Amino acid sequence: RAEDFSKGTRSLTNCIHPNDVESFNEAISDLVNHNKRHITEEIRVRNYDGDYVWFNLTMEVEDAIKQQPKITGMFFSIDKWKKELVNCKMKCNTTD
């Protein structure tokens with residue numbers, strides 16, 4: 001729930017699938033350390049029911065004059081597409 005994040009009782013990294021945490025942390029580190037200005041990651045995030053849902057995360061660094069750089073981004077679900085892709089791959093492997 002959104003209020004869990006705003007109250008500080010929950011962290012995004014605690015919701016990310018264990019297999020995706022390392023690549024997520026590396027991508028954020030690249031932005032923060034100015035190694036990259038833009039990243040795009042596909043990660044699984046646990047929803048309120050405890051299921052993992054696929055998301056595409058796109059972020060970039062915006063340099064503000066006389067201010068600290070700001071990171072902005074978009075986070076949108078690609079779950080249906082990813083599940084259809086997995087189903088197609090399974091069908092291709094079983095119809096040899």
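Lys82 touches Glu42 and Trp54, leaving aside residues up to four places away in sequence; contact means heavy atoms within 4.5 Å. The model is predicted, with pLDDT of at least 70 needed for local features and 80 or more for side-chain atom pairs, while totals for chains, interfaces and linings use all residues. Residues are numbered from 1 along each chain as its sequence is written, and side-chain values use heavy atoms, without hydrogens and water.

Lys82 is placed in helix α4. Helices (H or I, at least four residues) and strands (E, at least two) are DSSP runs, numbered from the N terminus. Lys82 counts as buried, because its relative accessibility is 15%. Buried means under 20% relative accessible area, exposed means over 50%, and partly exposed lies in between (1.4 Å probe, protein chains only).

Lys82 lies over the face of Trp54, at 4.4 Å from the ring centre. A charge sits over a ring if NZ of Lys or CZ of Arg is within 6 Å of the ring centre and within 35 degrees of the ring normal. Lys82 also meets Glu42 in a salt bridge, at 2.9 Å from N to O. This pair links distant parts of the chain, with Lys82 in helix α4 (residues 79-94) and Glu42 in strand β1, 40 residues apart. Glu42 is partly exposed, with a relative accessible area of 33%.

**Salt bridges**

Side chains of opposite charge can pair when their charged atoms come close. A salt bridge is a side-chain nitrogen of Lys or Arg within 4 Å of a carboxyl oxygen of Asp or Glu. The count comes to four salt bridges, and the table gives some of them.

| Pair | N to O distance |
|---|---|
| Asp20 and Arg44 | 2.8 Å |
| Lys82 and Glu42 | 2.9 Å |
| Lys36 and Asp30 | 3.9 Å |

Asp20 forms its salt bridge with Arg44. Asp20 lies in the loop between α2 (12-15) and α3, and Arg44 lies in strand β1, so the pair ties together parts that are 24 residues apart in sequence. Both Asp20 and Arg44 are buried. In the pair of Lys36 and Asp30, Lys36 counts as partly exposed, at 43% relative accessibility.

**The sheet**

Three strands form an open sheet in the order β1-β2-β3, with antiparallel pairing. β1 (38-46) and β3 (70-77) stand at the edges with a single partner strand each, so one side of each has no neighbour in the sheet. From one strand to the next, the twist averages 25°. Axes are lines fitted to C-alpha atoms, for helices over the stretch in contact, and angles run from 0 to 180 degrees between N-to-C directions.

Two strands pair if DSSP finds at least two bridges between them. Nine bridges join β1 to β2, and Glu41 stands opposite Leu57 in β2. β1 and β2 form a hairpin with five residues between them, and Gly50 in the turn has a positive phi of about 95°. Strand β2 (residues 52-62) is joined to β3 by eight bridges. Glu62 has Lys70 in β3 as its bridge partner.

Helix α3 (residues 21-32) packs on the sheet and touches β1, β2 and β3. The direction of α3 makes about 145° with that of β1.

**Aromatic residues**

A pair of aromatic rings is described by the distance of the centres and the angle of the planes. Rings of Phe, Tyr and Trp (its six-membered ring) pair if their centres lie within 6.5 Å; planes under 30 degrees apart count as stacked, over 60 as edge-to-face and the rest as tilted. The structure holds one aromatic pair. Phe55 and Phe75 make up this stacked pair, at 4.7 Å centre to centre and with 15° between the planes. Phe55 lies in strand β2 and Phe75 in strand β3, so the pair ties together parts that are 20 residues apart in sequence. Phe55 counts as buried, at 18% relative accessibility, whereas Phe75 is partly exposed, with a relative accessible area of 37%.

Phe76 also lies in strand β3. Phe76 counts as partly exposed, at 40% relative accessibility. Leaving aside residues up to four places away in sequence, Phe76 touches Trp54, Phe55 and Asn56. Phe76 and Glu42 are 34 residues apart in sequence and 9.8 Å apart in space, C-alpha to C-alpha.
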